[in-house]
Amino acid sequence: MSLQRQPVGETPDGLDYDALAELLDGYVLDREQHLNCEAFVIRPDDVAAVLSTLRDRAAFDHLSLVTAQEYRDRYESIYHLKKYDDPTQELSLVVPTPRDQPHSQSGADVFDTAIWHEREAYDLVGIEYDDHPDLRRILLPETWQGHPLSLDYNQDKPQIVPLREHANPMEGRTDVADRSDTMFINIGPHHPATHGVLHLKTVVDGEQVVDIDPDIGYLHRCEEQMCQQSTYRHQIMPYPDRWDYVSAGILNEWAYARAAESLADIDVPVYAQVLRTMSAELCRICAHLLAIGTFALDIYGEFTAIFMYAVTDRERIQNLLEELTGQRLMFNYLRLGGVAWGLPEPRAEYLETVRSVMAEFPDRLEEYHNLLTSNELFQMRVLDTGVLPAETAKSYGATGPVARGSGIDYDLRRDDPYGYYDELDWEVVTDDGGDNFSRALVRLQEMEQSARIVRQCVDVLADWSGEREIQSDVPRTVKPGGEVYRAVEGAKGELGIYIRADGTDTPARFKIRSPAFSNLQTLEVLAEGEYIADMIATLGSLDIVLGEVDR
Amino acid sequence: MSDNQLHDTLDEAQQTTREARTGEGVDERYNSRLRQAFGDSPFILTKFDAFMNWVRGNSMFILLFGIACCSIEMMHTYATKHDLDRFGAGVPRASPRQADVIIVPGTIVSKFGPRMRRVYDQMPEPKFVVSMGSCTISGGPFQEGYNVIKGVEELIPVDIHVPGCPPRPEALVYGVLKLQEQVQAGESAPVTVKPYELRQFGDLEEDELVQKLAAEIDEDDLVMRYDWTER
Ligand code: SF4
C-alpha cells in the first residue's frame, strides 16, 4: 500500500459506507442499494472531484466499468469502482443527468480507462461528457445517425454510409503536416497481425511509432442489445460464448451465470460447481494456448511449429470439452443454477481421459518453454519491449495476464471467490517484468495452474459419493429485480456484467465489462516510442479478441 | 547389382534407376487414369478453358482473413488435425492480391462491410467466395442487431455457403471441396449487384435523413445504405 494513511472506510469486516459518505460530504445526494454494493448518487459536475477523492483517500484504484443507460425521465452513468487489493470492496457512483441536457463531467482526468468507456457511452447511449479529451464515436461509424441503445432509437430507419468510407485511407496521408519525416501507416482492419478486425492508425517516424490510434468497432455485433431482448432463463446463455470466442466460452457463460444467479438469488449445487470449475479451466487452457500460438506467429512469423503445436494441443482439449458439452467451440453448457448435463457415460472412462491429457500437459508446457521462453531469439525479441508499469496498468483498468505480467496480484478466482476455486490448491501467477516476455510467461505458467485445478477437480469428481445434482430448482421464467455488477476471471481478465432488472423476464440494461477492451487501451502507451515491429509483438502479448473488445 | 554401381553411359544409368523404382512386375502406380488416357501419345487435346479450370480447382490460394468466431474454426481447419492442405488449398495468403478464394468467417457489421468489399475488390479475377457460418448467410444469432449486415451476399457474390454456428472444420473442408468441384466444372456464382450499392443517392427515399445528409455528401459521392427493413 503506497498510501501512508489508512484508506477511509476500510474496516476488518468490509467497507464502511457511512465513513465513505462522510468523506464525500456535500457530494452525495442520495444512497442507493445495489445488490453487489452501495451506490452514491452525485451531481454531474462533481464526477472528477469525487473520483479523485475516492482514489486518493479511500484507495479505490480500479475503475472497472462505466455503464450508461437511459430511463424515461433521465440518463444515468454509473462508475463501478473497486480496489485492486481487494475487489470485494466495491462502490458505485450514479450520475443522473436530465434528458434534455445529457451533459456530465468526464472522469478521464482521474482514470485513463474512462476515456474509452465514456466514448462508448456517448456512442451507444448519447450522454455527452464535458472536458473529455476526445469525445467521438468509438464502435459505430462516424456517420451513424442516432444512439442505438437510447430509448427512442428507431432501428428500422435506414443508415446511410457514404462510400467515402470505402476510400483508400492512405490517400493524401502519407505524411503528417509540418513533420515531413513522419509517415502515416494504416494497419488493418484486414491484417494478419491484428488478430481479427482491428484497425490501427499509426504514425511512424522511420521505424518508430510516434502515434497510434486503435480504431475498433469492426466487430460490434450489438451483443448488449441482443441480451437485452432475450429472456434470462435460456435465451441469453448462448451469447456469452461469442464474446471471447477463442474457446473461452464457459468462462464467459460463467460471468453471465454469476450475475444472473446473484440477481435472482439462485443457488448452485456443489457438484455443478465442480463441473463448472473444471470445464472453465479447460477453456482457459485453450484460450491461453491460442494466445501463445498466435503470439509466436506474430513475432517469428512462422506458421509451422509453435502455432501447430498449440492448435494440436487445443484439439486435444476441445475433444474433452466436446464430449462434455456437445460442442467444439460454442459450448452453451452453463444454465442458471447449474450446468446442462453431467459427465458423459461411462464416467470413469471420461475422467481417465481427462486425467491422462492433463498428466501429459506439463511435458507439453516444457516444450513451449523450450521453444519460447528459454529461446534466445524469443528473448531478444520480447524482453524489455512494451513495458507496462503497474501504475499505468491500474489507471487503464488492465486485468488478467496483462495486469499480472506487470506485477499486480489480482485474480478474481482467489480475491472474490466463486465456484469451487477456494476449495482447491493453486496459485496466482504474477511476474514483475511488465514487458511482452512477462505476459507470455504468465500465460504459460497459468496454464500449468489451470491443469493443476483440472486434475484436482477430476479427483473430486471421481471420488464423488453423494447425489450428483447438476441443477437446482429454477422457475421457468425468471423475473428478478434490482441492479447488480458481478465479475469473474475470464481468459483475458475481469469479465463483468452489469444487469438492471426491472421485474420483467428480460434485462432492462445489460452491460458487459470486457477485459480486452481495457487491455487494448494500454496499447497507446505501450507502443508509442517503440519500433513498429515491437508494436506488433506488444499487440500480440496483450492478447485481445475482437469479439470481446467490440461486443 | 550393388547400390553404388557406376555406369558408363547415361542410358545405362537411367535404366538402372527405372528398374530400381519400378521393381519387378507391373507397378500399379504408373497406370493412372491419366496415363491410360494418354495412351502412347505424349499429348492431350483439351480445351484451354477446361484445362485452366482443372488447374484452378486444384490449386487454390485462400486469403488469410479472420473476422469472428468462425475464423477460429477456420484456423483449426488449416492446422494439423484437419489439414486443408491435403486438398491443395492449405496455404493462406496474407495479401488479397495473391489470393483467389476468400472464406468469409464471421459476422459483418456496418463498419466492416465497406472494408471487406475493398479486400474483395483487390483480389484478382477469377475469384471465389465461401461464406462460413450462419452470420454470413443471414446475420445468424445477431440478425436483429442494429449494426449487423444480414448476410455477406448483401456485399459480394457467394459461391458456397457453409451453414453452422460455427461450422465444424469437417464442414468447411466439405465446402472447399464442393467449391473445387464447382470450379473444375467451370461454374461460379452469378455476380449480382444488391440494392445495397446505389449510385448517387437519388434512389433513396426523400426522408429527413437524406435531406440532412444531402448537404453533407457531395454529388458524385457514391452511397450505400443498410436498409434493415428489406429482409
Ligand atoms: S456463425 Fe456463429 S460462430 Fe460463426 S461468426 Fe457467426 S456467431 Fe460466430
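This is a predicted model: local features need pLDDT of at least 70, side-chain atom pairs count only at pLDDT 80 or more; totals for chains, interfaces and linings use all residues.

**A helix pair in chain A**

Guide: In chain A, α8(A) passes α13(A) in a left-handed crossing, a term used when the near helix is turned anticlockwise from the far one by less than a right angle, whereas clockwise is right-handed. Residues are numbered from 1 along each chain as its sequence is written, chains are lettered from A and ligands numbered from 1 in the order written, and side-chain values use heavy atoms, leaving out hydrogens and water.

Helix α8 covers residues 347-371 and helix α13 residues 436-462, and their axes come within 10 Å and cross at roughly 165°. That makes α8(A) roughly antiparallel to α13(A), since angles over 145 degrees are so called, under 35 being roughly parallel, 65 to 115 roughly perpendicular and the rest oblique. From α8(A), the contact (heavy atoms within 4.5 Å) includes L351(A), V354(A), M358(A) and F361(A), and from α13(A) it includes L444(A), M447(A), A451(A) and V458(A). By class, this contact has 15 nonpolar residues, 1 polar and 4 charged; Ala, Val, Leu, Ile, Met, Phe, Trp, Tyr, Cys and Pro count as nonpolar, Asp, Glu, Lys and Arg as charged, and the others, Gly among them, as polar.

Another pair in chain A can be read in the same way: the axes of α6 (residues 270-300) and α7 (residues 306-325) come within 9 Å and cross at roughly 160°. Therefore α6(A) and α7(A) are roughly antiparallel to each other, and their crossing is left-handed. The residues of their contact divide into 18 nonpolar, 4 polar and 2 charged.

A59(A), in the loop between α2 (47-58) and β5 (62-70), has a positive phi of about 60° although it is not a glycine, and A59(A) is buried, with a relative accessible area of 9% (buried means under 20%, exposed over 50%, partly exposed in between, with a 1.4 Å probe and protein chains only). D543(A), in the loop between α16 (532-542) and α17 (546-550), also is not a glycine and has a positive phi of about 55°; D543(A) counts as buried at 5% relative accessibility.

Notes. Axes are lines fitted to C-alpha atoms, for helices over the stretch in contact, and angles run from 0 to 180 degrees between N-to-C directions. Helices (H or I, at least four residues) and strands (E, at least two) are DSSP runs, numbered from the N terminus.
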